[in-house]
Amino acid sequence: MEACYPCSSFPHRDGSVRARRTTTATPSTKAASRAAGFSTVHAMRTTLIILAAVLLMAHQADAQAQNLSSVTLNMNTGAIVATFTNMDALSTVDCTKFTLQNKATAPTATVKGTGTGTISATGNTATCTLSSAALDTVKLNSTIGNSNADTFLSIATGSGISEPGKVPFGGTVTAVNATVTKDTTKPKLNSASGFARLDKNTGRLTLNFDEPVDVKTLDTKNASFTLRDQATTSTATYTLVDQAVCTATFCTSGRTLTFQMTTRDQNGVKAGAPGLCTTSSNCVLSFEKQLIKDIA
């Protein structure tokens, strides 16, 4: 039998022994294979480690991006604008989760938002506008809404604002102080509520304003009331002789003030010139602008 290396022998059917050549890798070939395998495994491990690091960094970035950076409050319009470093660009926000407060922690005055608000196209600002009643509450409370020192915004969980990754915003977020635009809108008599009402039976004169007025600035002594039959060219008039009284029962800071006329002025109105205040069409009230000032 021909010798071979390396060989393995095996019996044949006829009893003879034949050799079969086998292939054995040389030491250099084995080393190369091991090196190639190690490189492949190492590359896969490196890729997985990098991918895990990227995912971890993305998660951490999202968590840190959830930040309310600034707030503004417009006391003329009641608009609250909250600016974030990052958040989902949702279409609406639940404004009932917005709370204005006079302190960052342990506030003594709070006013909650109402309804729904909007989110900017860029997704970084959320705007909630206070209802007239809520804005009045802020204006009538001297401890809130004056400056960023006494005006803060907190947002509860469930507002609809989220950072990328859908992590809900709110709950444990520290209140952020707001930059306040002061109220510069001058109060006017409100036509929607029927400017004024004269009750000739009780002698009460009621004024309805379009925004809160400050009863502490009331000056009926130097701002008398005059009733006229026409707004411009009046032919019948009556100016109250006595100072109308605005009691605490009917006169508090707000949109409505009710004055009580004296008996002499009640009789004067009733016995006034013909055609004066017999109906609403011939009863016009005028008074000096210093009668009362805005609450702001």
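Student: In this predicted model, is Gly 268 buried or exposed?
Tutor: The relative accessible area of Gly 268 is 16%. The cut-off for burial is under 20%. Gly 268 therefore counts as buried.

Student: Which element holds Gly 268, and which residues of that element are buried?
Tutor: Gly 268 is found in helix H3, which spans residues 263-270. The buried residues in H3 are Asp 265, Gln 266, Gly 268 and Val 269.

Student: Against which strands do the buried residues of H3 pack?
Tutor: The buried set consists of Asp 265, Gln 266, Gly 268 and Val 269. Their packing partners are S14, S16 (225-228), S17 (237-239) and S18.

Student: What distance separates the C-alpha atoms of Gly 268 and Leu 240?
Tutor: Gly 268 belongs to helix H3. Along the chain, Gly 268 and Leu 240 are 28 residues apart. Their C-alpha atoms are separated by 8.1 Å.

Student: In S18, is Thr 258 buried or exposed?
Tutor: Strand S18 covers residues 254-260 and contains Thr 258. Thr 258 has a relative accessible area of 11%. Because burial means under 20%, Thr 258 is buried.

Student: Which side chain makes a polar contact with the side chain of Thr 258?
Tutor: Not counting residues up to four places away in sequence, Thr 258 touches Arg 204, Leu 205, Thr 206, Val 245, Cys 246, Phe 250 and Cys 251. A polar contact of 3.2 Å joins the side chain of Thr 258 to that of Thr 206.

Student: How far apart are the C-alpha atoms of Thr 258 and Cys 246?
Tutor: Cys 246 is among the residues that Thr 258 touches. The two residues are 12 residues apart along the chain. Their C-alpha separation is 6.3 Å.

Student: Where is Asp 183 found, and which backbone nitrogen does its side chain reach?
Tutor: Asp 183 is found in the loop between S13 (176-181) and S14. Asp 183 counts as buried, at 11% relative accessibility. Its side chain makes a polar contact with the side chain of Lys 139 (3.2 Å). At 3.0 Å, the side chain of Asp 183 also reaches the backbone nitrogen of Thr 185.

Student: Which element gives the largest share of the lining of the largest pocket?
Tutor: The largest pocket holds about 380 Å³ of space. Of its 16 lining residues, the closest to the centre are Ala 196, Arg 197, Leu 198, Ser 280 and Cys 283. Two or more lining residues come from each of S14 (196-199) and S19 (284-287). The largest share, three residues, is from S14.

Student: What percentage of the chain counts as buried?
Tutor: The chain has three helices and 20 strands. Among contacts with a separation of 6 or more, 64% join residues 24 or more positions apart. Of the 296 residues, the buried percentage is 31%.

Definitions and conventions
Residues numbered from 1 in each chain as written. Predicted model: local features only at pLDDT ≥ 70, side-chain atom pairs only at ≥ 80, totals over all residues. Heavy atoms only, no water. 1 Å grid on protein atoms, 1.4 Å probe; cavity = no way out; pocket = protein on both sides within 12 Å on 5 of 7 lines; lining within 4 Å. Points joined across faces, edges and corners; volume = space filled by probe spheres on them. Helix = DSSP H or I, 4+ residues; strand = E, 2+ residues; numbered from the N terminus. Buried < 20%, exposed > 50% of the residue type's maximum accessible area, 1.4 Å probe, protein only. Contact = heavy atoms within 4.5 Å. Polar contact = N/O pair within 3.5 Å; in protein donor to acceptor, adjacent residues only side chain to side chain.
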